[in-house]
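Morning, everyone. Please have it open in your viewer.

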Amino acid sequence: MPPSTDQLVAEARNRIVEIPPHAVAAEAACVLIDVREPAEFVSGHLPGAVNIPRGVLEFQVGSHPSLEDPQRPVVVYCRSGGRAALAALTLGELGFGNVRSIAGGIMGWAEADLPVHVPEPAH
């Protein structure tokens, strides 16, 4: 029987580093990657985050200018942490040496009363 999605996420979480939201807020040099879908991203995201959806991560991460140095700290997040755990594992497999995931995702970030950027609607 193949593993369930929950099992895949649990296995990824055992192999990555998850950090609390406040630890991310204290870092300035990291690249923040929001792996949610574009519609989720425009509904609100972490200030300074770039949107590279989980479904196209492997194809787009190599062409993003802020990710040219594979040793630059990278922090990924999604809504609650599952997609980000899988993304962090994948980025590590792609050679990124300093990848972490936000524990609890953007939900945990908001619960910690940290700022969420909501873009103004286009007119």
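Some ground rules. This is a predicted model, where local features need pLDDT of at least 70 and side-chain atom pairs count only at pLDDT 80 or more, while totals for chains, interfaces and linings use all residues. Residues are numbered from 1 along each chain as its sequence is written, and side-chain values use heavy atoms, with hydrogens and water left out. Helices (H or I, at least four residues) and strands (E, at least two) are DSSP runs, numbered from the N terminus.

Now the sheet. What order do the strands take in this open sheet? It is E1-E5-E4-E2-E3, five strands with parallel pairing. Two strands pair if DSSP finds at least two bridges between them. E1 and E3 stand at the edges with a single partner strand each, so one side of each has no neighbour in the sheet.

Walk across it. E1, residues 17-19, pairs with E5 in the parallel sense over three bridges. Glu18 has Ser101 as its bridge partner in E5. E4 and E5 run parallel too, joined by three bridges. Next, E2 and E4 are parallel, with four bridges. There, Val31 has Val74 of E4 as its bridge partner. Last, two bridges join E2 to E3, residues 50-51, again in parallel. Asp34 stands opposite Asn51 in E3.

Next, burial. Buried means under 20% relative accessible area, exposed over 50%, and partly exposed in between, using a 1.4 Å probe and protein chains only. E2 is covered on both faces: Val31 and Ile33 on one side, Leu32 and Asp34 on the other, all buried. In E5, residues 99-102, Val99 and Ser101 point one way, Arg100 and Ile102 the other, and all are buried.

On to the cores. A nonpolar core is a set of buried Ala, Val, Leu, Ile, Met, Phe, Trp, Tyr and Cys residues joined through side-chain atoms within 4.5 Å. In soluble globular proteins, nonpolar side chains tend to be buried together. Here the largest core has 21 residues, and Ile33, Leu67, Val74, Val76, Leu91 and Phe96 touch the most other members. The elements giving two or more residues to this core are E2 (31-34), E4 (74-77) and helix H5 (82-93). H5 gives the largest share, six residues. A second, separate core holds 13 residues, including Ile19, Val75, Tyr77 and Ile102.

Look at Val76. Contact means heavy atoms within 4.5 Å. Setting aside residues up to four places away in sequence, Val76 touches Ile33, Ala84, Ala88, Leu91, Arg100, Ser101 and Ile102.

Now H5 itself. Together, E4, H5 and E5 make a right-handed β-α-β unit. Right-handed means that, with the strands pointing away from the viewer, the path from the first strand over the helix to the second runs clockwise. H5 has 12 residues and reaches 17 Å from first C-alpha to last, close to the 16 Å expected at 1.5 Å a residue. That expected span is 1.5 Å times one less than the number of residues. Which residues of H5 are buried? Gly82, Ala84, Ala85, Ala87, Ala88, Leu89, Thr90 and Leu91. Their cover includes helix H1 (5-15), E2, helix H4 (57-60), E4 and E5. After H5 comes Gly95, with a positive phi near 105 degrees.

Arg36 is found in the loop between E2 and helix H3 (38-42). Buried or exposed? Arg36 is buried, at 5% relative accessible area. Its side chain reaches the backbone oxygen of Gly44 at 2.6 Å. Beyond four places in sequence, Arg36 touches residues including Phe41, His45, Asn51, Tyr77 and Arg83.

Gly81 lies in the loop between E4 and H5. Gly81 counts as buried, at 0% relative accessibility. Excluding neighbours within four places in sequence, Gly81 is in contact with Arg13, Ser101, Gly104 and Gly105.

Finally, Asp113, in the segment after helix H6 (105-111). Asp113 has a positive phi of about 60 degrees although it is not a glycine. Asp113 counts as exposed, at 70% relative accessibility.

Definitions and conventions. A polar contact is a pair of N or O atoms within 3.5 Å; within protein, one must be able to donate a hydrogen and the other to accept it, and residues adjacent in sequence count only if both atoms are side-chain atoms.
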